[in-house]
Amino acid sequence: MNFKQNDKINQVTNKTLVIGMDIAKRTHYACMVDERGLLLKKSFPVYQSRQGFEFFYNQILESMKAFEKTDVIVGIEPTGHYWLNLAYYLQNRGIPLVMCNPMHVKRSKELDDNLQTKNDAKDALVIARLVKDGRYSYPRILKDTEAELRVGATLKSNLSEESNTLKNKIIRWTDRYFPEFPQVFPSLGKMALAALECTPFPSDVATKEPEELLALYREVEGLKSPQKPKARQLIECARNSIGITEGQQMAKLEIATLVQRYLQVEKEIQALEAQLVTLTQTSAEYEWLQTVPGLGDKTIIDLLSEIGSFSHYNHPRQLIKLAGLTLRENSSGQHKGQKRISKRGRRQLRALLFRVMIPMIRHNEAFRKLHEYYTTRPTNPLRKKQSIVVLCGKLLKVLHAICTKHMAFDAQQMMKDIPKLEVAA
């Protein structure tokens with residue numbers, strides 16, 4: 001929904017019951033006001049349970065009848081994930097839910113009593129009065145494929161984080177017991193993991209011949225042809241190792257546990273990615289997103305999990321704002337402040353766009369030429385990082401256009417937006 005401020009204010013009429021809710025893990029607090037902000041019902045608790053939600057719904061119906069209201073709007077201050085259960089419950093009953101920015105709530109607390117007091121009952125009233133003034137936004141309640149992608153992408157992110165943690169623990173282990181190991185295996189490939197699983201300590205390697213090591217490693221699942229030069233190099237390093245020799249019994253158990261868990265997490269990530277690719281291919285946007293050079297399946301999965309369907313957005317400016325790429329400046333009188341991005345929005349989406357743009361500049365001709373133009377133009381040339389920020393916004397505009405207009409990516413069409421670049425090309 002793309003409502004302007006006046007539209008939001010007009011949503012609340014003299015027939016609207018405005019409800020503000022302070023969200024918590026176990027007990028929420030709700031407060032009811034009218035279109036002018038007059039208190040109709042003091043804050044009361046709403047428990048996070050089926051009975052609590054039913055009680056709240058009945059209170060809404062009774063209050064609408066008692067105060068002669070025909071519409072209702074519920075405003076919340078989002079707190080973690082605790083609001084989601086209530087959001088789906090209200091949506092199923094046709095009650096609109098809106099969100100107030102936590103910063104707005106924090107800065108509005110002292111308007112009524114000029115005190116820094118904070119409690120759940122007061123917060124509920126502050127939220128209700130922000131809603132009647134149109135200081136809210138509409139959240140998107142995810143359903144079907146969008147909900148599946150969001151949950152799957154979150155799980156993938158958690159597994160990737162766990163994988164990196166395990167990798168760091170393995171590196172820490174080798175630094176103590178086999179510090180020369182990274183000289184032979186800079187990364188944790190199949191042979192490196194097989195070596196740690198079968199011969200973790202220098203003493204396990206130093207007395208063996210290359211053929212013996214290769215025979216051991218071939219028994220490890222997934223490793224068919226270990227490299228003989230690596231085996232020779234490992235033996236050489238092991239004979240001159242300065243690794244710790246104390247506490248090896250428990251250290252052997254530690255590295256075996258770390259390697260097995262690391263392999264298990266990697267398998268889980270691969271299986272999850274395969275399911276997410278299959279799920280993504282069923283979305284309407286996939287056909288058009290895959291036509292953009294530089295966007296792979298993993299990137300498309302992450303984009304759709306953060307953004308959802310591009311059809312939900314009436315204008316690409318909404319996407320730019322969602323990513324926190326909107327420009328802001330502090331200017332007053334003759335002072336002209338420097339422009340910076342707001343960083344208000346989805347942090348993960350903004351980080352994803354930056355990660356995507358680096359290879360995009362290398363592999364996508366249109367974006368590479370745009371980057372060159374922005375950084376070398378005679379008038380107001382941009383620094384490389386500034387150019388990347390601009391191109392991230394450009395990418396969102398392009399993706400929105402091809403997905404909503406159902407058209408393949410056209411590099412020449414994109415570069416026509418800048419006449420000087422077209423002439424130079």
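Start with Leu276, which lies in helix α13 (residues 248-280). Helices here are DSSP runs of H or I with at least four residues, strands are runs of E with at least two, and both are numbered from the N terminus. The model is predicted, so local features need pLDDT of at least 70 and side-chain atom pairs count only at pLDDT 80 or more, while totals for chains, interfaces and linings use all residues. Residues are numbered from 1 along each chain as its sequence is written, and side-chain values use heavy atoms, with hydrogens and water left out.

Is Leu276 buried or exposed? Leu276 is buried, at a relative accessible area of 4%. Buried means under 20% relative accessible area, exposed means over 50%, and partly exposed lies in between, with a 1.4 Å probe and protein chains only. Leaving aside residues up to four places away in sequence, Leu276 touches Leu149, Gly152, Ala153, Lys156 and Ile301. A contact means heavy atoms within 4.5 Å. Asp302 is 26 residues from Leu276 along the chain, and their C-alpha atoms are separated by 9.7 Å.

Ala195 is another buried residue, at 0% relative accessibility. Its helix is α9 (residues 190-198). What does Ala195 touch, not counting residues up to four places away in sequence? The list is Phe181, Phe185, Pro200, Tyr217 and Leu234. Phe185 is ten residues from Ala195 along the chain, with 9.8 Å between their C-alpha atoms.

Now step back to the whole chain. Its secondary structure comes to 21 helices and seven strands. The radius of gyration is 29 Å, well over the 22 Å that the globule rule gives for 425 residues, so the chain is more spread out than a compact globule. That radius is taken over C-alpha atoms, and the rule is 2.2 Å times the number of residues to the power 0.38. Along the principal axes, the C-alpha atoms fill a box of roughly 90 × 65 × 50 Å. Buried residues make up 42% of the 425 residues. Take the contacts between residues at least 6 apart in sequence: 63% of them join residues at least 24 apart. The accessible surface comes to about 24,000 Å², and carbon and sulfur atoms hold 50% of it. These areas come from the Shrake-Rupley method with a 1.4 Å probe; for residues, only the protein chains shown count as cover.

Next, find helix α2 (residues 50-66). Its 17 residues reach 24 Å from first C-alpha to last, close to the 24 Å expected at 1.5 Å a residue. The expected span is 1.5 Å times one less than the number of residues. Which residues of α2 are buried? They are Gly52, Phe53, Phe56, Gln59, Ile60, Ser63 and Met64. Seen down the axis of α2, these buried residues fall within an arc of 125 degrees, so they line one face of the helix. The arc is that of the directions from the helix axis to the C-beta atoms. An α-helix has 3.6 residues a turn, so residues three or four places apart point the same way.

On the other side of α2, Arg50, Gln51, Glu62, Lys65 and Ala66 are exposed. The cover over the buried residues of α2 includes β1 (16-22), β2 (27-33), β3 (39-47), β4 (71-77) and α3 (84-92). Glu68 is exposed, with a relative accessible area of 59%.

Helix α3 has its own buried residues: Leu86, Ala87, Tyr89 and Leu90. They cover an arc of only 165 degrees around the axis, which puts them on the same side of α3. Their cover includes β1, α2, β4 and β5 (97-99). After α3 comes Gly94, with a positive phi near 75 degrees.

Last, look at the rings. A search of the whole structure finds ten aromatic pairs. One of them joins Trp173 and Tyr177, tilted, at 5.0 Å centre to centre and 35 degrees between the planes. Rings of Phe, Tyr and Trp (its six-membered ring) pair if their centres lie within 6.5 Å; planes under 30 degrees apart count as stacked, over 60 as edge-to-face and the rest as tilted. Both Trp173 and Tyr177 are buried. Phe44, Phe55 and Phe56 form one aromatic cluster.
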